[in-house]
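This briefing walks through a structure of two protein chains, taking the local features and the overall organisation in turn. Please read it alongside the sequence and the coordinates shown here.

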Amino acid sequence: MSIWYLSEFQSVVMLGYAALAWLLPETGRRHHKQGRTNAPVFGIESDMAGGGPFDTFPKLLLRNSAQFGARPALRHKDLGIWQTWTWAQVAEIVRAYAAGLHRLGLRRGETIAVVGSNRPKLYWTIMAAQALRAIPVPVYSDAVADELAFVLAHAEAKLVAAQDQEQVDKVLSVSDRLPQLDWIVYDEPRGLDGYNDSRLIAIGDVIQDGRDALAAEAELREQIDEFVRKGEGSDIAIILYTSGTTGASKGVVLSTQGCIDAATDTVRFDSLTGNDVVFAYLPLAWVGDHYLNYVQGLVAGFCMACPESGETIEQDRREIGPTFYFAPPRGFEAMLTRVVIRMEDAAPIKRRMFSYFLGVARRYGESILTGNPVPLSGRLLYGLGRLLVYEPLKNVLGLSRVRIAYTAGEAIGQDLFAFYRSIGLNLKQLYGQTEAFLYVTCQPDGEIYSDTVGPAAPNVDIRITEAGEVQFRSPGMFVGYFKDQAKTAETMTPDDYVKTGDAGFFDEKTGHLKIIDRAKDVGRLADGTMFAPKFLENKLKFFPNIKEAVTFGDSKEFVCAMLNIDTAAVANWAERNNIAYGSYQELASHPLVYDMVAKDVAEVNRSLAKEKVMAGTQIRRFLILHKELDADDGELTRTLKVRRRFIAERYAPLVTALYNGSHEADISTEVTFEDGRKGAIAARVKIRDMQAIGAADPLGKAA
Amino acid sequence: MRAPDTNEVLLQVEGVALAFGGVRALRDVSFNIRKGEIRAIIGPNGAGKTSMLNVINGFYHPDHGAITFKGRTRARMQPFEAARGGIARTFQNVALFKGMSALDNIMAGRTLKVRRGLLWQMLRYGPALAEEVEHRHRVEEIIDFLEIEAIRKVPVARLPYGLQKRVELGRALAMEPDLLLLDEPMAGMNLEEKEDMSRFIIDVNNHYGTTIALIEHDMAVVMDLSHRVAVLDHGVKIADGTPDEVKRNQAVIDAYLGVAH
């Protein structure tokens with residue numbers, strides 16, 4: 001299958017579109033510079049001043065229901081069909097649900113945990129809890145039972161809203177540790193028929209019960225409305241548990257007013273309106289999903305679409321065509337990898353056309369998107385490229401209608417970033433934290449650089465300490481860590497700035513913030529050369545064959561790397577080259593795979609050699625791990641960032657072998673299966689030496 | 001595991017014998033299948049399991065004996081009569097339409113439920129369209145049930161084996177059968193796929209209340225899944241009972257492990 005399966009009709013439409021595109025270079029794009037935009041955001045501007053009536057989420061929901069009640073608020077694909085709920089419907093459901101939860105005993109200030117993926121009923125749970133002035137606590141759906149138990153116990157959850165049997169089973173398996181748990185409400189009843197735990201009740205039944213009770217009891221109606229009326233900006237909106245890059249997860253407490261103020265700023269910054277569409281596919285418990293989709297959706301009044309299931313995300317994204325899109329760098333990377341793999345299987349003529357027009361895009365694309373002068377011939381060629389390659393490609397990826405795309409979470413490879421911008425996707429970077437309720441900095445349209453994260457977001461105050469740490473104050477910044485005064489005090493400065501723990505500086509040329517690394521991860525080699533592990537890892541990960549990389553070098557004599565290969569890309573390559581393998585482990589240890597990856601590593605070394613500061617941190621030895629790094633084993637965080645220190649301990653024999661010159665090392669590691677069982681994987685891992693480039697400095701006596 | 005509530009017999013096999021030339025595949029086999037149960041038929045290679053299944057759904061005609069299904073006794077039955085009567089099956093080596101999508105394959109399972117004629121179907125208008133929408137809805141429920149949303153539009157030939165098996169189960173379910181025959185549903189699967197399939201079989205039984213007869217090689221799977229187990233060896237029924245009874249039966253142990261003569 002190639003990516004070229006546009007219909008004739010679409011091609012004709014596209015032809016016209018491309019012609020227009022170069023005649024009218026502004027077609028299909030909108031430029032909004034900060035401060036210049038005066039697009040009204042549904043009257044928030046005036047209403048927000050002085051606190052305003054819309055200082056809580058239930059009030060925003062009522063406003064949306066009154067102002068554009070017939071417009072879609074939420075979509076979800078169910079039984080193959082996109083189901084839509086309008087703002088008016090959502091408001092009715094949430095009111096009934098709140099009444100039902102109230103009857104189950106959920107009271108002001110109590111917590112209700114939400115475990116599962118992006119489902120309307122789970123978002124309604126958050127809304128209904130907020131309507132009762134109770135506190136929703138979303139939990140990562142792939143958390144293993146122990147992690148779940150920790151959060152539920154720490155947050156003292158009285159109720160749990162679980163998506164399906166899998167999540168219910170997890171909660172039940174640890175319920176003896178949760179004496180305060182009264183009810184487990186669930187979305188999907190399948191498989192739960194035979195359960196006779198009296199604490200189980202379907203969300204649908206809770207809503208119906210609430211609806212019936214509302215119809216029957218005037219007193220309850222009054223009570224629920226009263227809760228909404230009495231809601232204040234200082235109420236706790238939500239507690240988001242951090243994924244725990246740095247140890248056990250902490251509950252970040254966010255205030256309602258803070259959340260709404262922050263989102264009001266960014267909605268205005270990106271001119272989001274009720275006509276925008278977002279695709280809610282990232283973990284419900286992650287600050288990004290909650291902020292970008294839930295909060296911005298309520299503030300701007302746009303529609304949020306939930307995918308049918310985790311496996312259908314690509315198709316669903318294509319069907320929905322979001323206009324505002326977020327993906328972490330690895331999301332964009334995975335997309336590009338898939339395109340590259342499929343192009344390798346395409347006919348030669350298509351391959352040639354693809355690479356030719358990508359060359360054109362590289363030359364002119366970014367300039368056209370940013371609005372810089374481009375020669376007419378360049379515009380013509382680029383217009384043709386849009387017709388033949390870029391637009392069909394974006395269509396297949398489901399990015400055709402995207403007006404604003406963001407990436408964040410970690411540094412994005414320069415080439416990767418340039419690729420998407422060059423094909424006309426308005427991809428920008430932001431830098432944020434759960435403690436800031438996301439935005440600290442973000443790039444305005446027209447000021448995009450791959451190596452910066454942009455200037456301070458609206459109303460955010462940033463300073464860099466002498467030690468190089470980034471600190472900020474922002475409208476959305478957190479109230480504190482739940483039940484953890486000590487940690488809160490540790491993170492806040494006396495004058496109320498939040499310490500990010502990231503090292504960064506303001507770029508003199510652009511005025512944008514640049515993040516180097518986690519402050520405590522930046523180290524030095526034995527000879528004093530600065531060693532920024534993430535910088536190297538990101539360079540490595542840009543290659544389609546390399547999925548994950550962990551580099552070592554702090555206080556060592558040279559840099560070494562542990563790699564994970566990308567199964568999809570390497571398996572495809574193996575198939576085309578008739579290489580037989582039985583498992584990931586076998587593929588990872590194949591000598592030809594090592595050869596191929598060694599070429600990528602050499603390429604990284606070549607690019608490092610060009611940068612004076614980094615030349616000393618070329619990778620001298622590497623190995624390919626026998627298993628994929630996994631969050632279930634604690635090697636990655638739930639947001640899939642590598643936990644370098646933990647990996648160094650867990651694979652200590654391999655680290656030792658990397659530095660003692662041996663070419664093989666035995667390792668046995670415990671792994672956790674998806675159902676929570678544990679097992680062990682043993683392997684003999686090979687180590688490959690690399691030649692440093694430029695400096696004629698052979699690997700010292702260490703090897 | 002919940003046992004079925006009734007003792008009502010859905011299918012009765014009485015003294016069935018079947019021979020292919022000199023090979024006596026089945027010799028005087030009798031057993032019954034109760035409504036709502038999961039009934040396993042196990043045995044070593046060549047024990048006559050698939051022959052038994054083929055006899056039940058009318059693909060083979062027994063030389064002796066009779067089969068009573070839903071109270072009607074007949075010695076001979078054609079496969080299409082079995083299908084009309086509410087017997088659906090899957091095959092040991094997956095018999096799907098390879099070039100068609102998973103969705104179309106499952107839709108094919110609705111064929112017998114289609115009321116409008118060929119002409120109406122070709123027009124695909126008015127009542128025929130409404131009917132198709134209704135069928136599609138049932139099929140989508142099955143797709144949701146089997147968690148194969150992501151492969152709805154993928155030609156089955158491109159699917160891995162485990163998923164093909166699931167699509168085949170979906171097609172059989174689309175018939176809304178009274179009796180579902182599964183011919184080695186776990187054959188050639190890895191452990192994870194086996195666990196998934198076991199879960200689906202139990203869910204089908206729980207959720208739709210479908211009576212299931214399954215043939216299986218993998219003893220562990222069968223013992224966990226089924227309410228009652230019949231054991232065949234060389235065409236003879238050597239044991240019949242609950243999984244625990246069968247596990248303790250010396251004849252079964254001998255047949256599976258072999259005996260020193």
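In this predicted model, A:Trp286 sits in the loop that runs between strand 10 (277–279) and helix 11 (287–300) of chain A.

- A:Trp286 counts as buried because 22 other C-beta atoms lie within 10 Å, where the cut-off for a buried residue is 20 or more.
- Although A:Trp286 and A:Asp270 are separated by 16 residues in sequence, their C-alpha atoms are 21 Å apart in space.

**Chain A as a whole**

- Chain A contains 23 helices and 27 strands, and 47% of its 703 residues count as buried.
- Of the contacts in chain A with a sequence separation of 6 or more, 67% are between residues 24 or more positions apart.

**Helix 21 of chain A**

- Helix 21 of chain A, residues 591–610, has 20 residues and reaches 29 Å from its first C-alpha to its last, which is close to the 28 Å expected at 1.5 Å a residue.
- Its buried residues are A:Val593, A:Val597, A:Val601, A:Val604, A:Asn605 and A:Leu608; seen down the axis of helix 21 of chain A, these fall within an arc of 110°, so they line one face of the helix.
- An α-helix has 3.6 residues a turn, so residues three or four places apart point the same way.
- On the face of helix 21 of chain A that is turned away from the buried side, the exposed residues are A:Asp595, A:Lys599, A:Arg606 and A:Lys610.
- The cover over the buried residues of helix 21 of chain A includes helix 18 (533–541), helix 19 (567–576) and helix 20 (584–588), together with strand 23 (546–552), strand 24 (559–565) and strand 25 (619–624), of chain A.

**Helix 12 of chain A**

- In helix 12 of chain A, residues 313–320, the buried residues include A:Asp316, A:Arg317 and A:Ile320; viewed down the helix axis, the buried residues of helix 12 of chain A fall within an arc of 100°, so they line one face of the helix.
- Among the elements that cover the buried residues of helix 12 of chain A are strand 1 (72–78), strand 10 and strand 11 (303–306) of chain A.
- A:Gly321, which follows helix 12 of chain A, has a positive phi near 60°.

- Most residues other than glycine have a negative phi.
- A:Asp496, a residue other than glycine, has a positive phi near 70°; A:Asp496 lies in the loop between helix 17 (485–491) and strand 19 (498–506) of chain A, and counts as exposed because it has 10 C-beta neighbours inside 10 Å.
- B:Glu184 is likewise not a glycine and has a positive phi of about 45°; B:Glu184 is found in the loop between strand 7 (179–183) and helix 7 of chain B, and is buried, with 20 other C-beta atoms within 10 Å.

**Chain B: overall form and domains**

- Chain B has ten helices and ten strands; its radius of gyration is 19 Å, close to the 18 Å that the globule rule gives for 261 residues, so chain B is as compact as a globular protein of that length.
- The C-alpha trace of chain B spans about 70 × 40 × 40 Å along its principal axes, and 39% of the 261 residues of chain B count as buried.
- Chain B is divided into domain 1 (1–86 + 177–261) and domain 2 (100–172), and the C-alpha centres of these two domains of chain B lie 27 Å apart.
- The contact between them takes ten residues from domain 1 of chain B and seven residues from domain 2 of chain B; on the domain 1 side, helix 2 (79–85) and helix 7 of chain B each supply at least two residues, and helix 7 of chain B gives the largest share, three residues.
- By class, this side of domain 1 of chain B has seven nonpolar, one polar and two charged residues.

**The contact between chain A and chain B**

- Twelve residues of chain B are in contact with nine residues of chain A; on the chain B side, helix 5 (127–145) and helix 7 (191–208) of chain B each supply at least two residues, and the largest share, five residues, comes from helix 5 of chain B.
- The side of chain B that touches chain A divides into two nonpolar, three polar and seven charged residues.

Notes:
Residues are numbered from 1 along each chain as its sequence is written. Chains are lettered from A and ligands numbered from 1 in the order in which they are written. This is a predicted model: local features need pLDDT of at least 70, side-chain atom pairs count only at pLDDT 80 or more; totals for chains, interfaces and linings use all residues. Two residues are in contact if their C-beta atoms, placed from the backbone, lie within 7 Å. Helices (H or I, at least four residues) and strands (E, at least two) are DSSP runs, numbered from the N terminus. Ala, Val, Leu, Ile, Met, Phe, Trp, Tyr, Cys and Pro count as nonpolar, Asp, Glu, Lys and Arg as charged, and the others, Gly among them, as polar. The radius of gyration is taken over C-alpha atoms; the globule rule is 2.2 Å times the number of residues to the power 0.38. A residue is buried if 20 or more other C-beta atoms lie within 10 Å of its own, exposed if 12 or fewer, and partly exposed in between; C-beta atoms are placed from the backbone. The expected span of a helix is 1.5 Å times one less than its number of residues. The arc is that of the directions from the helix axis to the C-beta atoms. Domain bounds come from an automatic or database domain assignment.
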